[in-house]
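Please look through the model shown here before reading my comments.

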Amino acid sequence: MPNPINTTHTAIQQKVQRYLLAAGFLALFFANQSVLVLAVPFYQMTLALDPVWLSLAIAGPMLLGSSISGYVGRASDRCQSRFGRRRPFLLAGVLGLSLSFVLMWQVPADWPPLWQLGYFSLLSLLFFLALPLLAVPLSSLVFEQTPDPQQRTAVFGLASAVQKLGSLGYQWLVPLSQLALFSSFQQGVRWVGALTGTLLIALPGLFLAFRAREPNHESNHDSIHSAAPATQPPVAARNSLSLLRQRPLLRWLMLLCLLQLCGCAFVATLDYYLLVYAMNQADLVAGSWWKALLSSGYALAGLAFVPVIGWSSRRLGAVSTLSWVFVLNLLGGAAKWWLYQGEPTYWLLFDAVLCSAAWTAMAMLIPPLLAQTEPAGSSQYGAISALHHWVVSVSAALSMLLSGLALNTLGFAASAGAAQADGVLDAMRLLLSGGTVICSLFALLVLWHVQRLQFLEEHR
């Protein structure tokens, strides 16, 4: 008969572990989002750097950083440190991210544009090289907690809820930098950047690195050289790209990530420009306020969708849940054409109601689906985690590049303010709306293929 005291103690430990993991996802969220949030209004709209060069300064380092994610995954799987497999990488990642983020916004305002771009590019490279050191081991830790897909969904649901709470604040970083207590917007960004890097990246990240429990550490430390199960290839052969060749389901899931995290994310960057230049006549303060309000709406709506998506996943399955979510996203894309015209009103929040579910569902349901492609009994989740991080990073980099190219191709000029060339702002609106619809349609097609593959595997 199980000891009730031990059972209660175990339950408390599991709950504490989940909150530690959630703290890590909070640090990862601000690391992923804050660079883009501050870089556009600071380096482009204020310091007037070219949007293509700025996007290259972010996308290039992002791609280089993602290229080492496979090595991080394999190294953390094989690490024999007495501190555990994941902890040394988590610690190095958090320290590298927080330090480079704080320094990123300290560029002197009187430097020539080329020097400012070089400074930002160097700090961006250090930042994105540190990012996989946090992201890959963190996902691996979640996969190792339990083999149950629903429990994994619950953990990622908690992480998503914490990230949505973070979303309530991250778009307010720019309005916060514009407060009168700062002598200038540049000084405000420096202070806000320092506080974000210290309190929102370093603090929760270090809390995770020092306190997180690794379920497989004890047995792994003693049996790291033992033979791998017959169903599991040697770690050295388990590079992420080979997994894509071996597992068709994995390929379709990664394509779904590209459609949402690259396609939808790319067109979504245009809403900021429409809010500032089309709907607020190039008033950066007013446009940033509406952007922050919209992002808070996305956060609250996404938070409300967490229990809905969790319930739907248990009743209908993850793939069916993703299907109705992308139908909702498609409707939201169509509605954007009317919502982003004229002066801004609170009807803009309807955009968040329709489109926030897709971001919540991707965070909650895709990682457990990826983990299900791993052989039963495996504890080598580094390759899957690395592949997911690589696709997320490549998607974000492509999104930035496409955004910069689109702005230049459409003829956008920040110096022109509200007096943009004829048709530029309408073309942005069309790309924002139509791009969301098209990406959602392709996502539904991908999900149909995923359901077909799952059916074939179950009836093999």
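1. Basis of the model. This is a predicted model, in which local features need pLDDT of at least 70 and side-chain atom pairs count only at pLDDT 80 or more, whereas totals for chains, interfaces and linings use all residues. Residues are numbered from 1 along each chain as its sequence is written, and side-chain values use heavy atoms, with hydrogens and water left out.

2. In one of them the side chains of Asp271 and Lys291 meet at 2.9 Å, N to O. This pair links distant parts of the chain, with Asp271 in helix 12 (residues 270–278) and Lys291 in helix 13 (residues 284–316), 20 residues apart. Helices are DSSP runs of H or I with at least four residues, numbered from the N terminus. Both Asp271 and Lys291 are buried, where buried means under 20% relative accessible area, exposed means over 50%, and partly exposed lies in between (1.4 Å probe, protein chains only).

3. Lys336 and Asp351. The side chains of these residues form a salt bridge of 2.7 Å, N to O. Because Lys336 lies in helix 14 (residues 318–339) and Asp351 in helix 15 (residues 349–371), the pair ties together parts that are 15 residues apart in sequence. Lys336 is buried, with a relative accessible area of 5%, and Asp351 is buried as well, with a value of 0%.

4. Arg429 and Asp426. Arg429 counts as buried at 7% relative accessibility, while Asp426 is partly exposed at 44%.

5. Cysteines. A disulfide is a covalent bond between the sulfur atoms of two cysteines, and the rule applied here asks for a pair of cysteine sulfur atoms within 2.5 Å. A search of the whole structure finds 0 disulfides. Cys262 is in no disulfide, since the nearest cysteine sulfur, that of Cys439, is 7.8 Å away. Cys262 is buried, with a relative accessible area of 9%, and Cys257 also counts as buried, at 1%.

6. A buried serine. Ser100 is found in helix 4 (residues 87–104) and is buried, with a relative accessible area of 4%. A polar atom of the Ser100 side chain lies 2.7 Å from the backbone oxygen of Gly96. Leaving aside its neighbours within four places in sequence, Ser100 is in contact (heavy atoms within 4.5 Å) with Leu123, Leu126 and Phe127.

7. Leu255, Leu258, Leu398 and Leu402 make a nonpolar surface patch of about 270 Å². Patches are made of residues with over 30% relative accessible area and no salt bridge, with like charges joined within 9 Å and nonpolar side chains (Val, Leu, Ile, Met, Phe, Trp, Tyr) within 5 Å; the areas come from the Shrake-Rupley method with a 1.4 Å probe, and for residues only the protein chains shown count as cover. Helix 11 (248–268) and helix 16 (382–410) each supply at least two residues of the patch. Leu398, in helix 16, is partly exposed at 36%. Arg251, in helix 11, is partly exposed at 39%.

Methods
Salt bridge = Lys/Arg side-chain N within 4 Å of Asp/Glu carboxyl O. Polar contact = N/O pair within 3.5 Å; in protein donor to acceptor, adjacent residues only side chain to side chain.
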